[in-house]
Amino acid sequence: MNTKPNSKFVFSVILLCAFLESHVSLAADTISENQSLSGDQTIVSAGGMFELGFFKPGQLSNYYIGIWYSKQVVSEMTVVWVANREIPVFDRFSSVLSILDGNLVLLNESKTPVWSTNLNSTTNSGSVQAFLLDSGNLVLKAGSSNNTSEPLWQSFDHPTHTWLPGGRFGFNRITNHPQILTSWKNLEDPAPGLYSLEPDPEERSSYILLWNRSRKYWTSGPWDESSHIFNQIPEMRIVSIYNYTYVTNENESYFTYSPNNPKIVSQFLLSASGKIQQRTWLENSKQWNLFWSQPRQCDVYASCGTFSSCKPTSLNYCKCLKGLVPNLQSDWDSQIYSGGCSRRTSVKCGNATQDGFLKVNMELMPENRQYEGALSIESCRSACLNECQCTAYTYSSSDGCSMWHGDVLNLQVLEANDGGGILYIRAAASDIKKKRVIKPSLLIAIVVTIIGLIVVIFGYFLWKKTLGNKREHKKNHNETKSKFDVGGGGGKDDTELPIFGLRAIVAATNNFTEANKLGEGGFGPVYKGILAENQEVAIKRLSKKSGQGHQEFMNELKLIAKLQHTNLVRLLGCCLEDEEMILIYE
């Protein structure tokens, strides 16, 4: 018998093994020197809190090595740390995270290093392993996980946009190196964004928010040791579920926090919109709950970008100025507005006759104005038009003429036309909608014509309805008189069922008030009534929703009127008027 294996079978087995290897999580929380991570492989912390592997945050095929909560803890994908946030890889199955020369290194599909822990190889000789802890901290240690020495490297020292409980966030006095949180660029791009949080270099017990690493727009205020809060964060005064601690010594100063209940899942992050947020996971509702947030959105520097105004009371708080459009509509759809707005049509230098200005009522004027002196308003406008870089101007009798060159940021527009000042934004003539002026005489003629048509149409339909009601009433009355011979079969005992007028029924029931209502059945309510002779009656007002037509009503009347029994109430009469169908019982 031929025992030589079939080559196609062997090849299939090899492919299957390779597929399974790339799709199965590593069976531990560790990456050792003889292991690597690629494809859909992950490592999971010992208690199952966090997971590390490749992830894709958006629609593009950009992959990153990151740490996120495991789905058993937080069902919503929530990334807390990103390794290669500036340089994504495009093929996660060909890219590898492994330990090389004592460092944790990410190699892309071309086997080129795109991220590394960057340790000096002389400081970490010997066996090195990477461990993912239940705190969310990724640590690189020499030897086994039982080694109690300080890690060679840890992700808690290099946070990206999230700061987890137990992490130290502060300033290393030995290396003179501050820790910095940096926002994502947008919700689908973890690259460093415009906003950062770091210790204040002038007051180490304070933390500041910066725009573009240069412009300070918020401060926590100094730490108050007696009350254990930062004095500019009043939310920390609330009875808290957190323990806050600030530590300072000759080696370092840092702030740390932890939940009172270790089962609480919590995080502190810097959002892509420039706000710091502390939030907790609500397992019952499967969503994040915002514990506190600072600062207000319109206080975030340039949060709406260029040529966009901020309104704190609006859900979509940023809005392009009239005649302008968002630069990145996809970001605006995700409520990330820092990309700002631009003109639909570019203005052309030296073509001042084709340009104009959009008039905007401002609550506060933007920064970086240049005063041009005591020009007239017309001279101010002409001066701006004749300067290629002039993007806006304003004029007031007290301050004269001011101009802006380049981008205009931090606009806060007044909804009403009173108060504040007027800013004139330069725009192409095609983007300025000119109002058409209607002459007063023409406007009066249009209004009079419309009113005349309304009167004629209303009168016509009123006449038609009145005529129809009269005909219907006459028809109903004649039919009732002719058909309601309801006595003993046509003999001398025959009697005619009385017809009551609607006015009498309304008076008897006090206009069908709830006080007179006895109950309600499937075909309408029943009311207690008192006729003019002080006779108490039960009045059944058939509902228009019952679906009963005029002929059916007549047939029912004939049947009820002919029934005679000691246990049945007697039908005394009916009312057929103005679409009403009413029965009167004793």
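Two strands pair if DSSP finds at least two bridges between them. Helices (H or I, at least four residues) and strands (E, at least two) are DSSP runs, numbered from the N terminus. The model is predicted, so local features need pLDDT of at least 70 and side-chain atom pairs count only at pLDDT 80 or more, while totals for chains, interfaces and linings use all residues. Residues are numbered from 1 along each chain as its sequence is written, and side-chain values use heavy atoms, leaving out hydrogens and water.

**View A. Strand 23 and its partners.** Let us begin with strand 23, which spans residues 252–259. Strand 14 (residues 169–172) runs antiparallel to strand 23, and four bridges join the two. Look for N172, whose bridge partner in strand 23 is E252. Strand 22 (residues 242–248) is also antiparallel to strand 23, with seven bridges joining them. Here Y244 has Y257 of strand 23 as its bridge partner. To get from strand 22 to strand 23, follow a hairpin through three residues. Is strand 23 mostly covered or uncovered? Six of its eight residues are buried, so strand 23 is mostly covered; buried means under 20% relative accessible area, exposed over 50%, and partly exposed in between (1.4 Å probe, protein chains only).

View B. L453, I457, Y460, F461 and W463 make a nonpolar surface patch of about 590 Å². Patch residues have over 30% relative accessible area and no salt bridge; like charges are joined within 9 Å, and nonpolar side chains (Val, Leu, Ile, Met, Phe, Trp, Tyr) within 5 Å. A salt bridge is a side-chain nitrogen of Lys or Arg within 4 Å of a carboxyl oxygen of Asp or Glu. Accessible areas come from the Shrake-Rupley method with a 1.4 Å probe, and for residues only the protein chains shown count as cover. Y460 lies in helix 4 (residues 440–483). With a relative accessible area of 44%, Y460 is partly exposed.

View C. Most residues other than glycine have a negative phi, and most peptide bonds are trans. K286 is not a glycine, yet its phi is positive, about 55 degrees. You can find K286 in the loop between strand 25 (276–282) and strand 26, and K286 is partly exposed, at 43% relative accessible area. N510, also not a glycine, has a positive phi of about 55 degrees; its loop runs between helix 5 (502–508) and strand 37 (517–521). Finally, the peptide bond from Q294 to P295 is cis, with omega near -15 degrees. P295 sits in the loop between strand 26 (287–294) and strand 27 (308–310).
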